Each structure stands twice: as C-alpha cells, then as structure tokens.
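Try each one before reading its solution.

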Amino acid sequence: MNAQIICLANQKGGVSKTTTCVNLGIGLAQQGNKVLIVDFDPQASATISLGISTAGTDDAATEENQGGTDNQDGIASETENARETMGWQR
C-alpha cells in the first residue's frame, strides 16, 4: 500500500489553509483515493466544513494525544457522517 502525506501549514492566519485542505481532500476522494484530514485547529473549521458535528469535543484531540480518552466509537460515527456528507462510498 502506497501512502502519501500532504501537509498544509502556515503560521499566518487567513491564507486559505483550511479551504485548500478541505477542497484538496474532496478532490482526491472523488478520484477514488482514501483521504484522512486531521483538524487540530481549535476552531474546527475543516471538521465543520465536512459536516461533522463538534458538539461535546472541546478537548478531545488534546486528551487523545495525551492518552486521556478512548474515542473510537465517536470517530467511527463521525467518519460515517462525513462519508454521507461527501457522498463517499465504501
């Protein structure tokens, strides 16, 4: 299995990092590629753009990175929500 990592980063705000990431991810997914978008921004703009609810996830990413939670069920259900939103098929 070949995997490619694409990272979009810039310290300056308002330079379309989120827009580029979401649109690139959608385009790659529409071409049949498997795509994982990781949104560590506290504003969760990429997450919201993909139609995923952020309710009750204030510090979920931080806690998981520190080993504080086991959120596999939440991840699975939100992944399914994103698939439906984007029209992805299994």
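Start with a landmark: L24 sits in helix α1, residues 17–30 (helices are DSSP runs of H or I, at least four residues, numbered from the N terminus). This is a predicted model, where local features need pLDDT of at least 70 and side-chain atom pairs pLDDT 80 or more, while totals for chains, interfaces and linings use all residues. Residues are numbered from 1 along each chain as its sequence is written, and side-chain values use heavy atoms, leaving out hydrogens and water.

**Exercise 1.** Find out whether L24 is buried, partly exposed or exposed.

*Solution.* Step one: buried means under 20% relative accessible area, exposed over 50%, and partly exposed in between (1.4 Å probe, protein chains only). Step two: L24 has a relative accessible area of 35%, so L24 is partly exposed.

**Exercise 2.** Work out which residues make up the largest nonpolar core.

*Solution.* Step one: look for buried Ala, Val, Leu, Ile, Met, Phe, Trp, Tyr and Cys residues joined through side-chain atoms within 4.5 Å. Step two: the five residues are V22, I26, A46, L50 and I52. Step three: take A46, which touches T18, V22, I37 and D39, residues up to four places away in sequence not being counted (contact means heavy atoms within 4.5 Å).

**Exercise 3.** Count the disulfides.

*Solution.* Step one: a disulfide needs a pair of cysteine sulfur atoms within 2.5 Å. Step two: the count is zero. For C7, the nearest cysteine sulfur is that of C21, 8.9 Å away. Step three: C7 is exposed, because its relative accessible area is 64%, whereas C21 is partly exposed at 25%.

How values were computed. Helix = DSSP H or I, 4+ residues; strand = E, 2+ residues; numbered from the N terminus.
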